[in-house]
Amino acid sequence: MDVIGSPRLLVLLYRFLLLLKFTGVVLYGGGLVGALVATSSIDRKRAVHAIASPGLLVTWTAGYFLTLQLNLSLTEPWILGGLSLSFVSQLALVAMATRERRTVAGALMAAVPFFFVLVLMIFRPRWPGVDT
């Protein structure tokens with residue numbers, strides 16, 4: 001077997017992508033919490049644009065490469081749900097960063113979808129009767 005297709009290299013790549021995705025999730029969660037607890041709008045913007053947004057980009061990128069490596073369809077319910085809910089959370093964070101004041105509704109619109117993204121990433125619901 002060639003070097004590129006060696007099982008050890010594939011396992012190493014898989015673990016690296018998992019680490020990268022986990023790092024992105026931690027960055028996004030940290031930016032989310034930072035935006036929620038920030039007392040000034042400048043700090044809120046910094047948390048959203050310098051921490052959460054790059055974290056989401058890293059998460060999506062690593063997740064995409066994981067789906068390629070694991071031969072998963074991007075139409076799996078947990079993947080579609082995770083992408084959609086993380087996008088909703090990000091939009092709520094950006095909206096919160098553009099306002100002078102935080103609101104409970106804005107905080108919930110950012111935090112609740114993120115929680116459900118984590119649930120989807122852990123439990124990975126699939127279409128019934130469909131095997132890949």
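**Exercise 1. Is phenylalanine 116 buried, exposed or partly exposed, and at what relative accessibility?**

Solution. The model is a predicted one, in which local features need pLDDT of at least 70 and side-chain atom pairs count only at pLDDT 80 or more, while totals for chains, interfaces and linings use all residues. Residues are numbered from 1 along each chain as its sequence is written, and side-chain values use heavy atoms, with hydrogens and water left out. Begin with the scale: buried means under 20% relative accessible area, exposed means over 50%, and partly exposed is in between (1.4 Å probe, protein chains only). Phenylalanine 116 has 42% relative accessibility, so it counts as partly exposed. Phenylalanine 115, at 48%, likewise counts as partly exposed.

**Exercise 2. Find the aromatic pairs and describe the one formed by tyrosine 28.**

Solution. Rings of Phe, Tyr and Trp (its six-membered ring) pair if their centres lie within 6.5 Å, and planes under 30 degrees apart count as stacked, over 60 as edge-to-face and the rest as tilted. A search of the whole structure gives three such pairs.

**Exercise 3. Locate the two salt bridges and place their partners in the fold.**

Solution. A salt bridge requires a side-chain nitrogen of Lys or Arg within 4 Å of a carboxyl oxygen of Asp or Glu, and the whole structure holds two.

- Step one: aspartate 43 and arginine 46 are joined at 3.0 Å, N to O, and both lie in helix α2, three residues apart, about one turn of the helix. Aspartate 43 is partly exposed at 33%, as is arginine 46 at 49%.
- Step two: arginine 126 and glutamate 76 are joined at 3.2 Å, N to O. Arginine 126 lies in the segment after α4 and glutamate 76 in the loop between α2 and α3, so the bridge ties together parts that are 50 residues apart in sequence. Arginine 126 is partly exposed at 38%, whereas glutamate 76, at 3% relative accessibility, counts as buried.

**Exercise 4. Determine which residues valine 117 touches beyond its sequence neighbours.**

Solution. Valine 117 lies in helix α4 and is buried, with a relative accessible area of 7%. If contact is taken as heavy atoms within 4.5 Å, and residues up to four places away in sequence are not counted, valine 117 touches Gly82, Leu85 and Ser86. With serine 86 the separation is 31 residues in sequence, yet 6.5 Å in space, C-alpha to C-alpha.

Methods
Helices (H or I, at least four residues) and strands (E, at least two) are DSSP runs, numbered from the N terminus.
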